[in-house]
Structures are given as structure tokens and as C-alpha cells.
Amino acid sequence: MQWNAEMYQNKHLFVAKYGEQLLEFVNREADQTILDLGCGTGALTRELAAGGARVIGLDSSESMVEKARENEPELEFYVGDAAALPWEDRFDTIFSNAVFHWIPDQRKLIRSVKKALKKGGALVCEFGAAGNIQAIQEAFSAEMKARGMVYHSPFFFPETGEYRRLLEEEGMSVRRILEYDRPTPLSDGEKGLRNWVVQFFTEDLGRFSQEERERILRAMEEVLRSRLWNGDEWVADYRRIQAVAVKEQ
Ligand code: BEZ
């Protein structure tokens with residue numbers, strides 16, 4: 001998908017804020033080499049590097065990497081594909097927040113991560129679990145259906161059992177894996193939900209005229225208000241899966 005880095009940074013900073021909790025599983029000492037996989041605009045890359053570790057940020061979006069370089073000029077950022085990393089036995093930790101659910105070929109991704117890790121190195125990741133944004137996807141799907149279209153979710157939202165199996169089948173040792181509800185307040189008051197939908201369902205919405213898009217967004221707000229509006233702000237129905245897995249050999 002095409003990312004709008006400016007909007008992402010201004011309206012979706014919560015993504016990095018929640019990712020901070022994941023940092024506690026990362027050894028960030030000065031002798032460590034870390035890859036921030038799907039670094040976005042670099043907010044967590046900076047945190048990963050704060051203790052002196054050598055950190056590289058990688059993102060598939062040129063506009064995100066451009067923004068990350070602007071935000072953190074002293075850090076190293078590259079545009080690249082998470083499922084085809086160019087490194088071998090290079091990192092002590094590969095860290096990834098809110099990215100893996102975008103990647104269709106999960107086996108290719110895990111192989112790519114495993115190859116880039118040093119022996120003994122760890123993957124520390126968090127992303128959408130089964131049931132993530134279920135109400136939002138259902139509301140969007142209903143609007144597509146009303147217009148004679150079928151919505152195909154592009155996301156990978158696994159249960160812990162499924163993801164553990166995948167990691168183990170690809171030779172990783174799972175040290176921690178859990179899933180949890182993480183209702184996530186969206187910034188910008190009344191506009192929060194539509195900002196989110198416009199940012200993340202860009203391609204599907206792009207098929208419609210401006211007027212039709214507006215109708216879709218209004219209909220979604222109406223349908224979702226009783227479940228996701230708390231009187232002050234929209235709260236997205238996020239569910240997370242968190243995993244720490246080690247490359248033992
Ligand atoms: C998420 O972080 O869970 C997410 C973000 C955008 C689209 C789908 C899921």
C-alpha cells in the first residue's frame with residue numbers, strides 16, 4: 001500500500017507509543033546490533049538506539065524512510081522488503097512493531113528474519129492477533145457489499161497456536177507468545193475513525209469518488225458508534241499478538 005508518512009506521523013503516533021512496551025524484551029546495550037523491521041518514521045528506532053546499540057531501520061515505504069531520515073539524521077535507514085532481507089547472521093535482535101500483519105507470505109518472512117539473525121539472536125515482535133479490528137473490517141466489508149463489491153482482508157491476524165507452529169516449523173524457538181485485547185484510542189476526536197480508515201484502507205477507498213468515500217465513512221461512523229465511540233474519542237478494537245523467538249542454530 002501507499003503510505004502517507006506525514007499523516008501517519010501526525011495522527012497515528014499511538015502506534016509507536018504502544019510499541020514502547022515491547023522494548024523491555026530487547027537488549028539495547030552498546031555491543032548489540034538491532035534491526036527495526038518496519039521502522040515507519042523512526043520513533044522506535046531512536047528508542048532502540050538510545051543505549052548505544054547499533055541500530056538499522058528498514059521500511060518498505062520510501063516516504064516513511066525519507067521521514068525517518070529527516071527525524072533521525074544520525075541513524076541508518078533503508079528501504080527494503082522484510083521478506084527478502086539482504087543480511088546474513090547480522091543482528092542480535094530483530095524488532096518489529098505493528099508490521100507483520102501486512103506481510104502475506106509469513107513463511108518467507110520468518111525465513112528472511114532467521115537468516116538475518118545471528119545464532120542466538122532473537123525476533124521480538126508484536127502485531128495484530130486474531131480478531132484484530134474485527135468490528136472495523138465488518139463495517140467496511142458491509143459498505144463494500146452494499147456497493148456490489150467483496151472486501152478481501154489483506155491482513156494476517158493469527159492466533160498464538162498458529163503463529164507458534166509457524167515459528168517452530170521454520171526453526172525458531174519460541175520463548176514468549178501471547179495475545180491480548182488492546183483497545184486503542186484514536187487521536188483527533190470525532191475525526192479519529194475516518195482518519196484511521198483513510199490511512200489504512202487507502203487502496204479500497206481509492207476506487208470511489210470523493211462523495212462516495214464520504215458516504216462510506218459516514219455510514220461506518222454510524223454503524224460503529226455504539227461499539228467504538230466512548231463519548232470523547234474513537235477506540236479501535238485492536239488485539240495484539242506478542243512473540244519472542246530465538247534462532248538457536
Ligand atoms: C494494526 O496495527 O493492528 C493495524 C493497523 C492498520 C491496519 C490493520 C491493522
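Here is a chat about the structure above, a predicted model.

Visitor: What should I know before I start?
Guide: This is a predicted model, where local features need pLDDT of at least 70, side-chain atom pairs count only at pLDDT 80 or more, and totals for chains, interfaces and linings use all residues. Residues are numbered from 1 along each chain as its sequence is written, and side-chain values use heavy atoms, with hydrogens and water left out.

Visitor: Okay, how many helices and strands does the protein have?
Guide: There are 10 helices and nine strands. Those are DSSP runs numbered from the N terminus: H or I over at least four residues for helices, E over at least two for strands.

Visitor: And what's the radius of gyration?
Guide: The protein has 18 Å, which agrees with the value near 18 Å for a compact globule of 249 residues. That radius is taken over C-alpha atoms, and the globule rule is 2.2 Å times the number of residues to the power 0.38.

Visitor: How many of the residues count as buried?
Guide: Of the 249 residues, 54% do. Buried means under 20% relative accessible area, exposed over 50%, and partly exposed in between, using a 1.4 Å probe and protein chains only.

Visitor: New topic: which residues surround the ligand?
Guide: Among them are His101, Trp102, Phe155, Trp196 and Tyr238. A residue is near a molecule or strand if one of its heavy atoms lies within 4 Å of it.

Visitor: What classes are in that shell around the ligand?
Guide: Seven nonpolar, two polar and one charged. Here Ala, Val, Leu, Ile, Met, Phe, Trp, Tyr, Cys and Pro count as nonpolar, Asp, Glu, Lys and Arg as charged, and the others, Gly among them, as polar.

Visitor: How far is a ligand oxygen from the side chain of Asn132?
Guide: An oxygen atom of the ligand is 2.7 Å from an N or O atom in the Asn132 side chain. For Arg240, a side-chain N or O atom is also 2.7 Å from a ligand oxygen.

Visitor: How much of the ligand does the protein bury?
Guide: Taken alone the ligand exposes 260 Å², and the protein buries 98% of that.

Visitor: Is Cys39 buried or exposed?
Guide: Cys39 is buried, at 7% relative accessible area, and Cys125 is buried too, at 0%.

Key:
Polar contact = N/O pair within 3.5 Å; in protein donor to acceptor, adjacent residues only side chain to side chain. Areas by Shrake-Rupley, 256 points an atom, 1.4 Å probe, with all protein chains shown as cover.
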